[in-house]
Amino acid sequence: MSVTLILACAGKGERAGFDKNKLLVPVAGKTCLERTIETFIKNGRIDQFIVVASKADFDYVQKLCANVATVVEGGETRTRSVMNGLELASGDVVLIHDGARPFVTQRLINDCIDTASRYGSALPVVPTRDTMVSSASYGDESVVRDYLGKGGLYQVQTPQGFNTTKLKDAYARAGEKIYNDDGEVYKNHAGDVVLVEGDVDNLKLTYPEDFDRLYPIKLCRVGTGFDCHRLVDGRKLILGGVEIPHAKGLLGHSDADVLTHAVMDAVLSAVCERDIGYHFPDTDEKYKGADSMLLLKEVLAIAERKGYKVASVSACIMAQKPKLLPHIPEITKNLASALGITVDALGISATTLEGLGFVGREEGICVQSTATLTAVDE
Ligand code: MG
């Protein structure tokens with residue numbers, strides 16, 4: 001059995017508030033279209049990829065999909081666009097999927113292929129959670145027209161799977177009428193449409209808030225970092241870019257800002273970019289006495305090149321002396337500003353080690369840190 005995928009990407013994406021098609025705006029280094037295609041490639045059961053693009057996006061989409069998919073031009077309506085893609089479909093089963101649903105799972109793809117292959121059709125749905133009503137105009141306001149209830153009502157998703165020959169026949173009989181989706185064309189002109197269990201996470205990115213909230217959460221990264229420096233006479237004690245009055249300071253090739261180092265390692269780790277020793281080796285004279293706040297700037301640029309920005313940071317300073325409590329607000333303010341986050345997104349705590357070990361003997365200071373990063377639009 002062979003499978004064709006048709007990705008519908010010919011919409012204009014105007015509701016998402018972008019000046020171009022929302023599927024073609026990179027987030028965390030990749031467009032929604034690329035993420036969606038990658039998921040289907042990973043599935044391993046798709047033999048033919050067809051992407052339907054609008055005339056305006058055609059060249060760009062063709063560049064994005066080079067060597068992966070055949071790109072065809074869409075029509076005025078979704079029905080017309082799918083028909084254009086369907087003409088080229090050669091698989092026994094065809095899956096039709098919204099390009100704006102990048103969170104489709106392998107379980108759902110497999111269920112749709114298997115059900116369509118067995119019964120001729122597969123329509124993923126999720127039961128509605130809230131009571132549904134329809135509305136009617138009432139002067140300038142809207143009023144309830146009908147209570148539709150909540151039992152037995154479903155939201156329809158994609159991918160929708162079909163026996164290719166049967167769907168082509170259905171479309172041939174559909175004429176110029178506009179349909180909600182391919183399931184409706186099949187139901188009207190081919191036969192019963194079989195429901196499969198959809199996925200609540202398989203959302204269609206439609207509105208600006210989908211990109212601002214949902215997408216960053218889905219693509220969120222977490223990293224941890226740890227650092228330790230020896231306390232010696234004749235050095236400054238710098239924490240988070242702030243000089244703390246103390247008889248001793250931290251020893252290191254750079255300014256030995258142990259807090260900023262642990263935070264930088266957490267940020268680098270979140271985007272799988274090794275650690276500060278890799279990027280700023282202590283064998284390099286360039287970094288002798290380096291201001292760690294400047295290195296932090298470089299680290300943030302590395303994360304941004306990977307498509308991420310820092311959302312929040314947490315750090316715990318382990319030091320027997322000096323007492324850090326009075327300095328935490330200033331350290332927080334300075335480091336948050338350098339990280340490009342607000343003070344309420346940077347939690348810094350300090351603890352002694354009750355006199356235990358090398359920290360307890362005031363031989364050194366350690367910091368453990370966690371950073372949360374979210375995806376950024378490019
Ligand atoms: Mg260090």
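**Why these labels?**

Biologist: Why does Phe-280 count as buried?

Modeller: Phe-280 has a relative accessible area of 9%. Buried means under 20%, exposed over 50% and partly exposed in between, using a 1.4 Å probe and protein chains only, so Phe-280 is buried. Keep in mind that this is a predicted model, where local features need pLDDT of at least 70, side-chain atom pairs count only at pLDDT 80 or more, and totals for chains, interfaces and linings use all residues. Residues are numbered from 1 along each chain as its sequence is written, and side-chain values use heavy atoms, leaving out hydrogens and water.

Biologist: What makes Phe-162 and Tyr-186 a tilted pair?

Modeller: The structure holds 2 aromatic pairs. In this one, the ring centres lie 5.2 Å apart and the planes meet at 35°. Rings of Phe, Tyr and Trp (its six-membered ring) pair if their centres lie within 6.5 Å; planes under 30 degrees apart are stacked, over 60 edge-to-face, and the rest tilted. So Phe-162 and Tyr-186 are tilted.

Biologist: How do you know that Phe-162 is buried?

Modeller: Its relative accessible area is 0%, so Phe-162 is buried. Tyr-186 comes out at 2%, so that residue is buried too.

Biologist: Why is the pair of Phe-280 and Tyr-287 called edge-to-face?

Modeller: Their ring centres are 5.3 Å apart and the planes sit at 70°, so edge-to-face it is.
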